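Biologist: I would like to learn how to read surface and ring features in a model like this one. Could you take me through it step by step?

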Amino acid sequence: MVVSGPSAHMRLIFIFLFIACIFFRNSHAQLSVISGRVTNIHSNKAINGAKVSVPVLELESYTDELGVFSIEYSEVNPGEHTLVIQAEGYLTKNFRILLEKGKDLNIDPILMEPDFSISRSEISVIGLSDYELDEVGEVTANYSGLLEASRDVFLNAVAYDFSATFFKPRGLDNRNVQLLINGISTNKFYDGRPQWGSLGGVNDLQRIREFARNSKSIDFGFGGMAGTNNIVMRASSYSKGGKGSYARANRSYQNRIMCSYRSGITPSGWSYAILASRRSGERGFIEGTPYEANSLFLAVEKSLGSNHSINLSAFYTPVERGRGTALTEEVERLKGSTYNPNWGFQEGRLRNSRLRRIEQPLVQLNHFWDLSDSFRINTNLAYQFGEIGNTRLDNGGIRNPAPNYYQRLPSYFLRNPFPNNYDFRLALEAESDFINDGQLDWESFYNTNANSSDGISRIILQEDVRAENLFVFNSIATAKINEHLSVNAKLEFRSLSSDNFAIAKDLLGGSGFRDVDYFGSDPDQIQSDLDNPDRIVAEGERYKYNYRLNASRLDGFLQAQLRTKRLFLYAAIRGDQTNYQRQGLYRNGYFPGENRSLGSSDRLSFTSFSGKLGGTYSINGRHFTEINMAYSTRPPLLRNAFANPRQNNDLVIGLVNEGIQQADVSYLYRSTILDTRITGYYTSVSNQTDIGFFFTQNALGSEDSNAFVQEIVTGIGLRNVGIEVGAEAQILTSLKIKAAASVGQSIYNTNPELYLSGDDFDTDTADGFVEGNDLSTLGKREVFIENYRVAGGPQEAYQIGLEYRDPSYWWVGGTLNYFTNTFVDISYLRRTSDFYTDKDGLPFNDYDENIARSLLKQERLNDYFLVNLVGGKTWRIRKYTIGLFVSVNNLLGTIYRSGGFEDSRRVSYRQRLEEENRPYGPLFGNRYFYGNGTTYFMNIYFRF
């Protein structure tokens, strides 16, 4: 049909106006308003910026400076609905409202009660930088910093009570947690873990958080499989005021002082926020763990009109902390669970040889642009630089100086089947020395170096350094298509350059240190850098290894969200391209060939895709059902891409994308009295890669079976299934009861493949060329671990608790927590053909299958109870607030093992049988991590 002429145009205009008038008339006729005013229950002061919403109807608004809000709506089912009011520093308020068709509703005033327990979140923020700083055996899985943003009953139990035991929700480690600051991901290329260190000590400006549980939708990206948290740290997002606080604790540090001030938005459109803090202590709960940390945060924002603004923020949070280690049963029996062998006294001062240092400033520039009421763009730039360092003793070719070295323990002198009197005497002397001292002898290190014939140090303090430069750019767009449909999109580019090297941190009185491998024999092979042989390094110089890792990732994300009266649906997809490459800066003596150690490796490229969908259905406003499903592929970690990057360019053989399948179904009930959630979940992870570094006496591909190896395992599969339950009931006006439980099972569901790599493997003795792995002699072999439990904290956890809030503005709460099904981490090498194969390549002739099954049984640790107490009090003096918060964890001082791992030094059938049959204990038994005994945290603050 062809329409032409003025009359035709007029007819079209008339029809359009007629339809528009009908639409306007109908919509106007059905438009209703929920309005009101939100104030402080004690002072009647208006609360600005409070979020007021009717979640089921997807309606929301924010209060203005007078505390007033207004929500317009149309075409809703009349009847009861829940109005939710949320404001920073106040308890969330839920109450029932009755909506009638065509009628307005005014609620004035809505009285909000200050959240006296807000300081409780600072416990978890303490944990997020402290537990993560340890990185002992990669068992840390602290989720507290992520989960404190949630009001979910179960997740609060995880954040405040379960996480200290290294409990992993749904069996997922914190690589699956995504932490964003102003929409920018902080997860590391190297290990995938959130950058908790950037947030250490800036607790008071982390209150505004947008949280998504597990794989649920969030506007800022695809998110993590274990949850996503976006911390909003815009200067304009903070209400005007200041706060000063002092904390005393005995967990990781002893003292903390913190001060902050927020300007609010000035008439000229400027706003700023500043925070400074210091944390310090001579020791934490574990012996010999000094702590020094300073934090500074600054954010400045300028409004460039009514529709966009620019925010500049910067973090500088350097921290240095002494580390502990896992203990054998013999060591714990002699010295206790808080023993730490990494320290000793030097001239009367405590000195720890294992210090972890993080100095990585972060600068962000954020642009917020609201093009219209229905379309906005957030563009971000970030640059992070600085170093992560870990110190340790480099004892060259001399005996290991560690006081808990196995040759210094009583069991070593009683290792023979029939020890004589002389053996017993040596064992008693060793036991006495260890019990009465058992710490590093720093004075002897200086004496050893001073007495060397050439003045060259024989033992020094080494620091392993990772110097990173990270650049991030992203742009996040949100469009509201109509009142029901919205779309989110994100494009992000990340680029990392990471220099990795060792430095001679402290020569301990010597004049230099010879840069060679003291355990090698060939004069060329022992050189760290063949182009600078037998180099004597000075203090502060690089030595031993020196290489650069380059990584980049381009990531795109698209999501649609549909909201109706009873239904919320979302669907999201993501695609990314990741590249890795190593650049060697030393020509290692074991790998001298062209591009074998010096120069650039082959480039690794991975393309991955992910998708998820889910939704929530409101049955009647109190009963809800929810389902979430996701399938994701992702590149292997940078740390698992190269067999041994400290020595060569060798890529891990068989490296492919990892895969994750996830699904959960929930039932939720919410009322003014009861809030509960029951969730069943299933997660499957495939094609994971893991690399371990250790010394073993069972390296069958090497000359004498003794070698320092890289154990490379590919094709690891995990399956996690279980149920989560959380319930909270307001049984009296001031008394609340809560309960939480996680009943799960996390197992290996595949038999992956393993091979060893290292400088002791040589496939051709004629030419002496070192291949670097045992593939040509033993090849890849199957690891028989299917149905073994995945380690990492208890797999079942239960809680019941009470909380009392007094009208006089004090409160107290307590929880009883029970943990079970905790397993030690298994040795992969023990569960390959290496276990039953002799040096000649044939099975042991005395191999007994029943005994072998007993030797390979995974150890389950004892169950335990923990009692935790919290409480607080606030005082309102005119416009000022003073608050006191106290918590006590593990009130009964329970000693418990939170995890552990098997030793891989002696893994064969005969070696394990010999170890298990030693009458005075094994030389190389399992090592355990111990939870803290009774600890406390006390914080007093002044808010103005």
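Biologist: Let me start with one lysine: is K240 buried or exposed?

Modeller: Gladly, and please keep in mind that this is a predicted model. Exposed means over 50% relative accessible area. K240 has a relative accessible area of 63%, so K240 is exposed. You will find K240 in the loop between β11 (227–231) and β12 (241–249).

Biologist: Which residues form a positive surface patch with K240?

Modeller: The positive patch is formed by K45, K240, R876 and K879.

Biologist: And which residues form a negative surface patch?

Modeller: That patch consists of E347, E429, D433, D437, D441 and E443. One of its members, D441, sits in the loop between α7 (421–436) and α8 (442–450).

Biologist: Now to the rings. How is a pair of aromatic rings described?

Modeller: Two values are used: the distance of the centres and the angle of the planes. In this structure there are 36 aromatic pairs. Among them is the pair of Y406 and Y412, which is edge-to-face, with 5.7 Å centre to centre and 80° between the planes. Both Y406 and Y412 are buried.

Biologist: Why is the pair of F844 and Y909 tilted?

Modeller: Planes under 30 degrees apart count as stacked and those over 60 as edge-to-face, with the rest tilted. The planes of F844 and Y909 stand at 35°, so this pair is tilted, and the ring centres are 6.4 Å apart. The pair also links distant parts of the chain, 65 residues apart: F844 is in the loop between β41 (822–823) and α9 (849–855), and Y909 is in helix α10 (residues 909–916). F844 and Y909 are buried.

Biologist: Which residues do ring pairs link into a cluster?

Modeller: The cluster contains F162, F167, F819, Y864 and Y896.

Biologist: How many residues apart along the chain are L327 and Y930?

Modeller: They are 603 residues apart along the chain, while their C-alpha atoms are separated by 8.3 Å.

Methods: Residues are numbered from 1 along each chain as its sequence is written. This is a predicted model: local features need pLDDT of at least 70, side-chain atom pairs count only at pLDDT 80 or more; totals for chains, interfaces and linings use all residues. Side-chain values use heavy atoms; hydrogens and water are left out. Patches are made of residues with over 30% relative accessible area and no salt bridge: like charges are joined within 9 Å, nonpolar side chains (Val, Leu, Ile, Met, Phe, Trp, Tyr) within 5 Å. Accessible areas come from the Shrake-Rupley method with a 1.4 Å probe; for residues, only the protein chains shown count as cover. A salt bridge is a side-chain nitrogen of Lys or Arg within 4 Å of a carboxyl oxygen of Asp or Glu. Lys and Arg count as positive and Asp and Glu as negative; His and the chain ends are not counted. The place of a charge is taken as NZ of Lys, CZ of Arg, CG of Asp or CD of Glu. Helices (H or I, at least four residues) and strands (E, at least two) are DSSP runs, numbered from the N terminus. Buried means under 20% relative accessible area, exposed over 50%, partly exposed in between (1.4 Å probe, protein chains only). Rings of Phe, Tyr and Trp (its six-membered ring) pair if their centres lie within 6.5 Å; planes under 30 degrees apart count as stacked, over 60 as edge-to-face and the rest as tilted.
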